[in-house]
Amino acid sequence: MFHTRLSLALRDGALSLPAAGRILVIGPTAGHDLSDLPKDRVTIYSRFFPDHAAWVARGLDVVTALPEGGFAAAVVCVPRAKKLAQAWVYAAARATGGGLIVLDGQKTDGIDSLVKALKNRADGLASLSKAHGKLVWLTNAEVADWAPADTQLEGGFITRPGVFSADGVDKGSAVLAAALPTEIKGRVADLGAGWGYLSRHILMREGVTTLDLIEADLAALDCAKLNITDQRANFIWGDATRFSPDAPYDVVISNPPFHTGRAGDPDLGRAFIRSAARMLKGSGRLIMVANRHLPYEDTLAELFREVEDLGGSPGFKCLSGTKPRRADR
């Protein structure tokens with residue numbers, strides 16, 4: 001969809017990119033087709049590990065820090081989170097020094113409200129609508145007040161725009177934290193650690209010798225580094241479904257995601273379970289939380305010799321799998 005809108009705008013002459021200078025692309029997923037952009041002039045900003053790795057593999061210039069200048073144009077792949085979308089527009093304005101900014105987004109992700117907010121803040125605003133989304137381009141965006149700011153939650157936790165559960169503790173994580181067994185010990189992993197809420201509770205167990213926080217969103221991991229100061233903690237930027245530890249874990253704890261974009265995707269949670277089984281010792285244990293409607297018990301029974309229901313709440317269930325089945329891994 002990104003490729004279609006950008007291609008149409010470029011090919012019919014409605015949009016013209018600067019003839020020289022670098023082009024910053026902020027936040028594209030691995031599924032975005034950027035082939036209409038000059039590859040040798042493109043720099044991609046990506047802090048989500050699977051997307052970042054995909055762009056690097058394709059030979060693109062990829063960075064994890066937003067540049068403060070030096071770009072002739074910027075393309076912003078509009079995210080769902082309003083504050084993050086505004087922060088990326090702010091970054092694009094700084095990177096281009098008031099130059100061309102192109103916004104691409106779906107209506108369901110808030111592109112219309114973002115454009116409405118920019119109408120009195122930018123020049124030359126024009127657009128193309130297609131495939132339930134919109135491509136918008138503008139210059140001289142005055143968005144200094146859209147600079148991102150940290151949020152401090154109860155308990156002293158710090159979050160940032162766009163991270164999962166930025167405005168408060170996720171209900172599932174709170175349920176799992178309350179249900180964590182006291183006997184957790186040894187080498188532990190928090191799979192999909194986010195900004196560190198569960199990790200702080202895990203580290204309350206004195207028997208934990210090391211805790212690896214494995215998280216694909218580098219912004220969330222940066223928050224976790226601020227929220228967790230325990231010397232037993234290690235912060236790992238990686239894809240939880242593919243990560244391989246140097247040594248197997250005694251315990252893996254997880255509140256796995258179950259959405260890809262807006263669509264529910266139970267297979268993502270199943271991938272976390274399979275990954276946990278692969279990472280554990282033969283006597284190891286997975287402890288996880290999930291929405292009650294998600295059908296993970298069969299996957300646990302397939303991959304673990306012992307499966308236990310640890311209770312939970314009306315909306316969430318806490319499950320345990322112990323002794324992964326080696327032959328099925």
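1. Basis. The model is predicted, with local features needing pLDDT of at least 70 and side-chain atom pairs counting only at pLDDT 80 or more, while totals for chains, interfaces and linings use all residues. Residues are numbered from 1 along each chain as its sequence is written, and side-chain values use heavy atoms, with hydrogens and water left out.

2. Second largest pocket. Its volume is about 160 Å³. A pocket here is an open set of points on a 1 Å grid over the protein atoms alone, where a 1.4 Å probe fits, with protein on both sides within 12 Å along at least five of seven lines; lining residues have an atom within 4 Å of a point. The volume is the space filled by probe spheres set on the points, which are joined across faces, edges and corners. Among the lining residues are Glu-183, Ile-184, Lys-185, Asp-250, Lys-281 and Arg-285. By class the lining has five charged, four nonpolar and two polar residues, where Asp, Glu, Lys and Arg count as charged, Ala, Val, Leu, Ile, Met, Phe, Trp, Tyr, Cys and Pro as nonpolar, and the others, Gly among them, as polar. Strand 16 (280-291) gives the most, with five residues.

3. Largest nonpolar core. Such a core is a set of buried Ala, Val, Leu, Ile, Met, Phe, Trp, Tyr and Cys residues joined through side-chain atoms within 4.5 Å; buried means under 20% relative accessible area, exposed over 50%, partly exposed in between (1.4 Å probe, protein chains only). Of its 33 residues, Leu-176, Ile-184, Val-188, Leu-213 and Ile-253 touch the most other members. Helix 7 (218-227) is one of the elements giving two or more residues, and the largest share, six residues, comes from helix 7. Helices (H or I, at least four residues) and strands (E, at least two) are DSSP runs, numbered from the N terminus.

4. Aromatic pair. Phe-157 and Tyr-197 have ring centres 5.6 Å apart and planes at 55 degrees, so the pair is tilted. Rings of Phe, Tyr and Trp (its six-membered ring) pair with centres within 6.5 Å; planes under 30 degrees apart count as stacked, over 60 as edge-to-face and the rest as tilted.

5. Positive phi. Ala-131, not a glycine, has a positive phi of about 55 degrees; His-132 has phi near 60 degrees. Ala-131 is partly exposed at 32% relative accessibility, and His-132 is exposed at 67%.
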